[in-house]
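Let's take a friendly walk through this model together. Please have the sequence and the 3D view open as you read.

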Amino acid sequence: QHIYKELQERKQKGQKSFAVLIDPDKVDPPAIEQLVKLSVDAGVDYFLVGGSLVISNQLDEVVQQIKAACDIPVILFPGSPSQISKYADGLLYLSLISGRNPELLIGQHVISAPFVKQSGLEIISTAYMVVDGGAPTTVSYISNAAPLPSDKNEIAMCTAMAGEMLGMKVVYMDAGSGAKRPISESMIQAVAQQIEAPLIIGGGITDPEKAYRNCKAGADVIVIGNAIEKNATLIKEMAAAIHSVPVKA
Ligand code: 1GP
């Protein structure tokens, strides 16, 4: 039960974090072994495990394999309440506050509450905001909720503020996996200036310079999935860029 505390401490120090997103549908044991090795060598801070669609039934196995191989915390990033594994360390407990689909705001939470509580995982209440990534992404389609317009910084800012005031512990702005257009630095900055909560940014980030600029704009955690699926050796460059952001004096 220490992930949130660490996120807060890192934010206070201005230390940026790198989270590698693993979609359990897209990996096999040798691929996980390679990802873990590259991540340990590069100093990756977190693994997020999940996806909008988890078709295979291997979540437990994937999480167990990662946990057996390293000490990097594993945080679930579930696309649905069934994507829970007690072998992980924590769970981003997402409420899709950019959308107006009551099921993803509260409905599914009610149904899965006893199961989630019983898991014993660290539950990290997350203000989840899907931002338009230029073309429909899986998350924007599956969620059946309009994403936040990518050029409406004020809406993003007000949404994040509302989430924080409702008691959500972290804010996650996501352009969706494989987004054509990642979230703009100006939107990240507008949101970061208004909230105290750690700010997680992901979706469509493919180059280390963009990751670096996002951190400078106020992101605390950068999540990368797709680009690493295509080229796992990018982990090293991404980690170096994110960790090169100067910490506060
Ligand atoms: C998706 O934010 C994550 O939910 C990561 O996106 O796969 O495009 O890196 P990518």
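Which residues does S52 touch, not counting those up to four places away in sequence? They are G79, T138, V139 and I142, where contact means that the C-beta atoms of two residues, placed from the backbone, lie within 7 Å. Before we go on, please keep in mind that this is a predicted model, in which local features need pLDDT of at least 70, side-chain atom pairs count only at pLDDT 80 or more, and totals for chains, interfaces and linings use all residues. Residues are numbered from 1 along each chain as its sequence is written.

You will find S52 in the loop between β2 (46-49) and α3 (59-69); helices (H or I, at least four residues) and strands (E, at least two) are DSSP runs, numbered from the N terminus. S52 is partly exposed because 19 other C-beta atoms lie within 10 Å. On this scale, a residue is buried if 20 or more other C-beta atoms, placed from the backbone, lie within 10 Å of its own, exposed if 12 or fewer, and partly exposed in between.

The UniProt annotation "binding site", from an unreviewed entry, covers D23 and S52. These two span 30 residues in sequence, yet no two of their C-alpha atoms are more than 8.9 Å apart, so they gather at one spot. UniProt positions are given here in the numbering used for this model, feature names are shortened, and annotations may be inferred rather than shown by experiment. D23 sits in the loop between β1 (17-22) and α2 (29-42). D23 counts as buried because it has 22 C-beta neighbours inside 10 Å. Beyond its neighbours within four places in sequence, D23 is in contact with G51 and G225.

G225 leads us on to the ligand. Of the 14 residues around the ligand, S177, G202, G203, G225 and N226 come nearest; a residue is near a molecule if its C-beta atom, placed from the backbone, lies within 6 Å of it. The elements that give two or more residues to this shell are β8 (221-224) and α9 (226-230). By type, the shell divides into six nonpolar, seven polar and one charged. Here Ala, Val, Leu, Ile, Met, Phe, Trp, Tyr, Cys and Pro count as nonpolar, Asp, Glu, Lys and Arg as charged, and the others, Gly among them, as polar.

UniProt (unreviewed entry) also places a "binding site" feature at a set of positions including S177, G178, G203, G225 and N226. G178 belongs to the loop between β6 (170-174) and α7. Leaving aside neighbours within four places in sequence, G178 contacts T137, G204 and N226. N226, in helix α9, is in contact with S177 and G178, again leaving aside neighbours within four places in sequence. With 19 C-beta neighbours inside 10 Å, N226 counts as partly exposed.

Finally, look at how two helices meet. The axes of α6 (residues 153-165) and α7 (residues 185-192) come within 8 Å and cross at roughly 35°; axes are lines fitted to C-alpha atoms, for helices over the stretch in contact, and angles run from 0 to 180 degrees between N-to-C directions. The contact is made by N153, A156, M157 and A160 of α6 and S186, M187, A190 and V191 of α7. These residues divide into six nonpolar, two polar and no charged.
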